[in-house]
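Please keep the sequence and the model in view while reading.

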Amino acid sequence: MSAKTLQYEATSAKSLLQEVAERSGQNLLACYQCRRCAAGCPVGEETGVTPDRLIRMVLLGDKEEALSNLLVWKCVACYTCGTRCPNNIQTARITETLKQMSKAAHLEPLRPRIADFHNAFMQATEHMGRFNEIEGMRIYETRTAVKEMKSGNFGAIVDEIKNQAKLGMTMMKKKRMHLKADQVKNKAEVKALYRKARQGKGA
Amino acid sequence: MELAYYPGCSLHASSQLYDVQCKMVFRNLGIELKEIEDWNCCGATAAAKTDDFLAIALPARNLGIADATGLSEMVIPCSSCYSRTLVSQKRLSCDPGLKDAINEELGHKVEGKIKVSNILEVLMPRATSGEIAGKAHKKLEGLKPACYYGCLLTRFPCDVDVTDDVENPQGMETICKSLGAEPVDWSYKTDCCGASASVNDADQSLILMSRIMKDAVARGANCFVSTCPLCQFNVDAYQEQVAQKYGLEKRLPVYFITELIGISMGFDPVEMQVDRHLTDAMGLLKELKLI
């Protein structure tokens, strides 16, 4: 896959690097582009962008590319890149940081389903203190269906219902589906942590 | 002896069989698992992807509860829960400001003293000492598992002490061999199944699982064995889809390590819920006359 030419912006390079390094706790300047991370990245073939290239985007200050590329969304957080990096840079922490920055900048996710899933997971966990598969999937599926409907993509909705119904039926048959909602008693304490997270945003 | 126990959300839902098996196997080894009270979700990958504070704070609440038990060690069978909890403990040990900020909200404050262990850290020494084999009534002859570790048992987003080889772990192989099984040597034991990508980025996840399946079959494995409920569920539930899309003929049961130990200990497979796999797991055991 041919890569896009990255743009160098001296001023934005400094501020972008500073922000990403601080939030992720990673020393991006230590990267000497050996590409061991690229060789081990399980989604690299599909994203076209590998961890080394993501670091390069940040170093050059190409904020637009850095906040909106397929690796930021499709990274499966397997931590192979960071484990193999000779300079101990955890690139997965960088993708996590860029994803959060992308959300804070209200950019449209390149893979809305992935963003919706993570948000649904966190919402379901806030509600009950534990992640209930049925509730989480209900929030996620509703969100994606509404989006597909708005863009007139009815085929995708039908496919998703078919796939999920099939899996759900098999799970029911094999007694892997649990209808009883599992929850924390002291939900107030979990909610307080969520509140603190919201207050601390951007701090 | 008693160990604190954090099951996590999966083991209370779709992977309840793993919860049941852990309790049965550990009890037979003389270990009582004391589930910590009123635990919450660890936040899994979703928290790490969306909120740095919650990614540390959610497991921290559980660590506070665990510290309050006074027990010295907590075992966490789910790789994702284990990873998030260990990372949170490590982070809090080197960031007192963050620890104080989180402790302000908690009834049980994090002290950071409990040892957080994965299931293999508890089982492996008992396999090398011969204790597990000593409780086993049946040799797992004919079983050729591809020991599948996945990502989160040996790879972490920060420096922590990893107890097994990072790229070529041997914990499950050691246990399987001690029970008379013949684990295969293969290349995808620490590769990623995609975890929640099976739901939100399905094509990608199927590609990843197809590589794992293909190599296991090519190496002559007749089953998988796993310690992670996410890996186990994915390779079990989506195997038919992967096999059809990528033209694979074989289907391999995906056991939990506790299932294999339990079978060799002579436990009833139905009581262990071995009949609840989505890819049939009873057939191979019957064929090999293990049940």
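In chain A, 37% of the 203 residues are buried, a residue being buried if 20 or more other C-beta atoms lie within 10 Å of its own, exposed if 12 or fewer do, and partly exposed in between, with C-beta atoms placed from the backbone. This is a predicted model, in which local features need pLDDT of at least 70 and side-chain atom pairs count only at pLDDT 80 or more, while totals for chains, interfaces and linings use all residues. Residues are numbered from 1 along each chain as its sequence is written, and chains are lettered from A and ligands numbered from 1 in the order in which they are written.

**Chain A**
- Chain A has 12 helices and 0 strands; these are DSSP runs numbered from the N terminus (helices: H or I, at least four residues; strands: E, at least two).
- A box of roughly 55 × 40 × 35 Å, taken along the principal axes, holds the C-alpha atoms of chain A.

**A:Glu135**
- Helix H10 (residues 133-150) of chain A contains A:Glu135.
- A:Glu135 is partly exposed because 19 other C-beta atoms lie within 10 Å.
- Beyond its neighbours within four places in sequence, A:Glu135 is in contact (C-beta atoms, placed from the backbone, within 7 Å) with A:Ala124, A:Met128 and A:Ala181.

**Nonpolar core**
- The largest nonpolar core has 142 residues, such a core being a set of buried Ala, Val, Leu, Ile, Met, Phe, Trp, Tyr and Cys residues joined through C-beta atoms within 7 Å.
- Helix H4 (residues 52-68) of chain B gives this core its largest share, 10 residues.

Definitions and conventions
Contact = placed C-beta atoms within 7 Å.
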